[in-house]
Structures are given as structure tokens and as C-alpha cells.
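Please have the sequence and the three-dimensional view at hand.

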Amino acid sequence: MRDAGHPERSSAPVFGGKGLVWEGEVEGKSLWEETRLETCSIHVLPWHEGPGITEPGDIPPTPEDTEHPALRLYLAARLHIPPASLFPDHTVVVAALLVSPEGNILLGKRKRGPHAGLWEFPGGKALPQETAREALSRELEEELHLRLPDHLFRFFYVYEYVQERLLLVSYLAPLLHLPGHLEDHQEITLVPPGDAQALSILPGDREILSTLLWTMERGWSIRWKDDAGGRT
Ligand SMILES: Nc1nc2c([nH]c(=O)n2[C@H]2C[C@H](O)[C@@H](COP(=O)(O)OP(=O)(O)OP(=O)(O)O)O2)c(=O)[nH]1
């Protein structure tokens with residue numbers, strides 16, 4: 001795994017902070033399941049200009065066709081391209097926002113290391129050859145013996161730790177079952193996203209949560225509705 005604090009790297013931001021992609025819905029159906037990108041409308045929150053919406057047809061076909069880092073990572077996720085391969089000078093960390101049927105989010109309290117005692121989302125560093133889904137599946141299995149559902153990515157948020165050259169990418173997914181094992185965490189909790197902000201968490205996670213609340217205040221639900229492979 002690459003060292004996030006490598007001294008030879010410059011600290012110029014690629015993002016200038018953060019980026020959000022939220023998939024829209026058509027007739028209540030998550031567009032993640034749509035295979036045709038041209039039918040998809042997504043909300044993008046550029047870090048400088050405020051919220052914006054891309055219309056169907058505006059979405060570039062591949063990550064190479066856009067300079068927009070959040071869109072690049074979003075397209076990589078949809079097209080099963082390893083996210084770390086797009087940003088070879090960065091460490092890419094994938095984190096899962098796992099939502100219970102009640103709408104609570106799962107957090108774990110770190111057992112060891114520099115962040116011991118802090119709450120975080122399950123996840124870890126993506127290996128260069130891994131897709132986001134593969135990296136998350138591996139981390140969730142290793143850390144918590146948790147199975148990753150088929151439904152993923154309706155909320156997709158990128159936070160950059162500029163000095164560390166670390167990109168924290170979060171993906172929303174339904175929590176299918178409770179963890180069977182705690183490897184890296186001393187305890188876990190399930191809390192409403194608003195309450196999670198009162199816990200001791202890392203800066204990137206605080207941004208993720210406040211952006212999640214921002215979207216929820218605008219009526220975007222974090223709960224899964226139904227259909228193939230998901231649950232209500
Ligand atoms: N897992 C996780 N890491 C986070 C979160 N928020 C956040 O800023 N980070 C940062 C902390 C670390 O600098 C980095 C992840 O490191 P990690 O230690 O979890 O990665 P890893 O599981 O692959 O562990 P290792 O093999 O490098 O020890 O991302 C989060 O919610 N979950």
C-alpha cells in the first residue's frame with residue numbers, strides 16, 4: 001500500500017476540497033441500475049460554484065473525458081475501473097455509508113493506530129488494481145465480516161486531504177445484516193446521520209455527514225426503496 005504522507009509529493013490539491021455526486025431517480029428507480037448513462041441525471045456539487053445538475057446526455061462517457069474529479073471517480077465506479085488507477089499520485093480510501101432499514105448509519109470506533117478512539121465508516125485503502133466495489137467488499141469482510149449488497153453508490157462523495165494526498169471516497173449502500181466480527185474496531189454503533197456529527201470523527205467524515213444532511217434536507221432519501229437485490 002502506498003504511503004499517504006510521502007515527502008516527495010507536492011501538496012497541490014486536485015480537488016480543491018470536495019465533490020459530491022448524487023444519482024437522481026426516475027419514477028422511484030435508482031439510476032445506478034440503469035446501464036445506459038445517457039438516461040442518467042446526476043447532481044454534482046462543485047466545490048467552488050455550489051450545487052449543479054447535469055442533464056441526461058451531459059455526462060461524459062468515460063473518466064478520461066472529464067476533468068471533474070468527482071465525476072471521474074463516479075464514472076470509474078459505474079464502469080468498474082479501479083479508482084486508484086485514475087489518481088496514481090494519491091492514496092484512494094473507500095468508505096461505506098451503510099444505512100439500516102431505520103435510516104441509521106453504521107460507524108465503528110477504531111481500536112488501534114493514529115486514529116484510535118475515533119469513529120469512522122468501514123473501509124480502507126483501495127489497492128491499485130481494485131474496483132471500488134472490490135476494495136469495499138474486501139475491507140468490509142476483513143474488518144467486520146460484513147457482506148456488501150448489490151445496491152451501491154446513490155450518494156457518492158469525495159473529500160481530499162490535501163497534505164496527505166489522500167482522496168476519501170464514500171459510497172452509500174444498504175446495511176444487509178449486522179457485523180459478525182470486530183477486527184479493527186472496539187465497538188460499532190448505528191446512529192441517525194445528524195447524531196453522528198456529535199461523535200469524535202475525522203474531518204473528512206464530518207464533511208461527508210454534513211453533505212449527506214444537506215442532501216437529505218433537500219428531500220433526497222438515503223433509504224432504499226425496494227427492488228432487485230435491495231430491501232425497503
Ligand atoms: N477506513 C476509514 N478511513 C478513513 C475514514 N475517514 C478518514 O479520514 N479516513 C482516513 C484515515 C486513514 O488516513 C485512511 C484510511 O486508512 P486505513 O488504515 O483505514 O486503511 P487500511 O484499512 O487499508 O489500513 P492499512 O493496511 O493501511 O493499515 O483514511 C473513514 O471513515 N474510514
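In which strand is arginine 110 found? Arginine 110 is found in strand E7, residues 105-110.

## Basis of the report

The model is predicted: local features need pLDDT of at least 70 and side-chain atom pairs count only at pLDDT 80 or more, while totals for chains, interfaces and linings use all residues. Residues are numbered from 1 along each chain as its sequence is written, and side-chain values use heavy atoms, with hydrogens and water left out.

Helices (H or I, at least four residues) and strands (E, at least two) are DSSP runs, numbered from the N terminus.

## Arginine 110

Arginine 110 is partly exposed, with a relative accessible area of 28%. In this classification, buried means under 20% relative accessible area, exposed over 50%, and partly exposed in between, with a 1.4 Å probe and protein chains only. Arginine 110 and aspartate 89 are 21 residues apart along the chain, and their C-alpha atoms are separated by 26 Å.

Neighbours within four places in sequence left aside, arginine 110 is in contact with His115, Ala116, Gly117, Leu118, Glu120, Asp184, His185 and Gln186; contact means heavy atoms within 4.5 Å. With the side chain of glutamate 120, the side chain of arginine 110 makes a polar contact at 2.7 Å. A polar contact is a pair of N or O atoms within 3.5 Å; within protein, one must be able to donate a hydrogen and the other to accept it, and residues adjacent in sequence count only if both atoms are side-chain atoms.

## Surroundings of the ligand

The ligand is surrounded by 15 residues, of which the closest are Arg110, Phe121, Lys125, Tyr161 and Asp205; a residue is counted if one of its heavy atoms lies within 4 Å of the molecule. Strands E9 (123-125) and E11 (166-174) each supply at least two residues of this shell. E9 gives the most, with three residues.

An oxygen atom of the ligand lies 2.5 Å from a polar side-chain atom of arginine 110. A polar backbone atom of phenylalanine 121 is 2.8 Å from a nitrogen atom of the ligand. For aspartate 205, a polar side-chain atom lies 2.7 Å from an oxygen atom of the ligand. The protein buries 78% of the 620 Å² that the ligand exposes when taken alone, an area from the Shrake-Rupley method with a 1.4 Å probe; for residues, only the protein chains shown count as cover.

## Glutamate 143 in helix H3

Helix H3 (residues 132-144) contains glutamate 143. Glutamate 143 is buried yet has no salt bridge, and the nearest side chain of opposite charge, arginine 110, is 5.9 Å away. A salt bridge is a side-chain nitrogen of Lys or Arg within 4 Å of a carboxyl oxygen of Asp or Glu; for charge, Lys and Arg count as positive and Asp and Glu as negative, whereas His and the chain ends are not counted.

Beyond its neighbours within four places in sequence, glutamate 143 is in contact with residues including His181, Leu182 and Glu183.

## Helix H1 and two histidines

Helix H1 (residues 69-78) is mostly covered, with 10 of its 10 residues buried. Histidine 80, found in the loop between H1 and helix H2 (83-86), is exposed at a relative accessible area of 58%. Histidine 80 has a positive phi of about 60° although it is not a glycine.

Histidine 145 is found in the loop between H3 and strand E10 (155-161). Histidine 145 is likewise not a glycine, yet has a positive phi of about 55°; its relative accessibility of 39% counts as partly exposed.
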